[in-house]
Structures are given as C-alpha cells and as structure tokens.
Amino acid sequence: LVQFAGAFVLAGLVYPQLMRRLDLVRIPADIAEGLRFARTRPTILLVYGVTIVTNAFAFAYSGLVAPIGAGEFQVSPALVGLLAAAEPLGSLAGGALIAAGFLRMDRRLAFAGGASFFMVTLIAMALSPSYWLAFAVLVLGGFGTAGFGNMQTTLMLTEAPADMRSRLMGIVTVCIG
C-alpha cells in the first residue's frame with residue numbers, strides 16, 4: 001500500500017532525463033566506463049563494497065526466520081510471519097523518520113552505519129533468549145536497513161554526474177545480486 005501510494009504521488013512528477021538509443025554492442029564499454037569512474041570516487045566504492053557485504057551476509061537471514069521462529073522459539077506460524085515482518089516494519093518506520101527530517105546524519109554514516117547496525121542486531125537476534133526480544137531487536141535492525149536502503153541510492157545520485165548515474169546504478173544492481 002505504501003508503494004502504491006508513493007507511485008500515485010510520483011505519477012505527476014516530471015523529470016527531464018538524458019535519453020540515448022539502446023546500443024547492445026556498447027553495453028560492455030558503458031559498464032567499463034562506469035567502473036573506471038567509480039574508482040575515482042571513494043563514496044561510490046563504499047556503496048559498492050557495503051552493498052556486496054550486506055547483501056551476501058546480512059539479508060540472507062530472511063531464510064532463517066522460519067526455522068528460528070518455529071524451531072528455536074517454538075511459536076505459531078502467525079508469530080513466525082510477524083517475526084519475518086519485524087525488520088521491514090522497523091525499516092518503514094526509520095524511512096518515515098528520515099523522510100520527515102527527524103533523523104539527520106552524514107549520508108555515508110547513515111549508509112555504512114545502518115548496514116553495520118543491522119548486522120549487529122542480527123547477531124543479537126540470533127542470541128536472543130525470547131521471541132519478543134528477538135522481534136524487538138529486528139525492529140531496531142530495520143532502522144539500520146532504512147539508513148542503508150535510503151542512502152544507497154541517494155549517495156549514487158548525489159556523487160555521480162547525470163550522464164553516469166544509470167551505469168553506476170546498474171553496477172549497484174549487480175552488487176545486490
């Protein structure tokens with residue numbers, strides 16, 4: 001529902017964008033050009049590195065929520081679902097606070113610190129002696145993913161010139177995968 005509302009609000013937004021004809025032969029050269037540019041910008045390299053580490057090691061937790069909830073905490077399927085929703089709930093709340101301007105900090109710190117905070121909360125959740133403590137810790141971890149997720153794109157858009165953005169964002173997509 002939040003994404004639908006966002007799409008509705010953004011539907012009237014007009015943004016002039018440089019358009020080029022798609023040339024499949026040029027794609028490898030465009031990617032190489034984007035990587036060469038990225039090597040000159042420490043913040044862009046930070047985004048790539050933190051994105052790889054976070055997606056490889058942190059977001060893999062989601063596949064373990066059901067075994068932890070059902071096996072370790074021995075809760076109902078409904079509470080397992082609630083545990084799975086804890087981090088996204090915290091992320092939604094954190095994102096709303098960022099968008100409203102209540103949470104302000106250096107963008108790089110929000111990005112890398114948010115990812116780090118999320119990873120620490122995952123360890124705390126795994127060591128939690130009770131379901132509700134694990135739930136609360138994951139909600140807090142969502143605030144970290146809000147910083148990570150919001151600043152991942154923001155840093156790329158603010159650090160790159162307009163003609164490089166699509167290439168650099170494409171590389172971010174590869175880092176995510």
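Helix H8 buries Arg167, Leu168, Ile171, Val172 and Cys175. They sit on the same side of H8, because they cover an arc of only 145 degrees around the axis. An α-helix has 3.6 residues a turn, so residues three or four places apart point the same way.

This is a predicted model. In it, H8 runs over residues 165-176, which makes 12 residues. From its first C-alpha to its last, H8 reaches 16 Å. That is close to the 16 Å expected at 1.5 Å a residue.

What covers the buried residues of H8? The cover includes helix H2, helix H3 and helix H7. Turn to the face of H8 that points away from the buried side. There you find the exposed residues Ser166 and Thr173.

Next, a loop. Gln74 is found between helix H4 (65-72) and helix H5 (77-100). Gln74 is not a glycine, yet its phi is positive, at about 50 degrees. Is Gln74 buried or exposed? Its relative accessibility is 65%, and exposed means over 50%, so Gln74 counts as exposed.

Last, the surface. Phe8, Val9, Leu10, Leu13 and Tyr15 make a nonpolar patch of about 640 Å². One of them, Leu10, lies in helix H1, which spans residues 2-10. Leu10 is exposed, with a relative accessible area of 54%.

| Residue | Relative accessible area |
|---|---|
| Gln74 | 65% |
| Leu10 | 54% |

Methods: Residues are numbered from 1 along each chain as its sequence is written. This is a predicted model: local features need pLDDT of at least 70, side-chain atom pairs count only at pLDDT 80 or more; totals for chains, interfaces and linings use all residues. Side-chain values use heavy atoms; hydrogens and water are left out. Helices (H or I, at least four residues) and strands (E, at least two) are DSSP runs, numbered from the N terminus. The expected span of a helix is 1.5 Å times one less than its number of residues. Buried means under 20% relative accessible area, exposed over 50%, partly exposed in between (1.4 Å probe, protein chains only). The arc is that of the directions from the helix axis to the C-beta atoms. Contact means heavy atoms within 4.5 Å. Patches are made of residues with over 30% relative accessible area and no salt bridge: like charges are joined within 9 Å, nonpolar side chains (Val, Leu, Ile, Met, Phe, Trp, Tyr) within 5 Å. Accessible areas come from the Shrake-Rupley method with a 1.4 Å probe; for residues, only the protein chains shown count as cover. A salt bridge is a side-chain nitrogen of Lys or Arg within 4 Å of a carboxyl oxygen of Asp or Glu.
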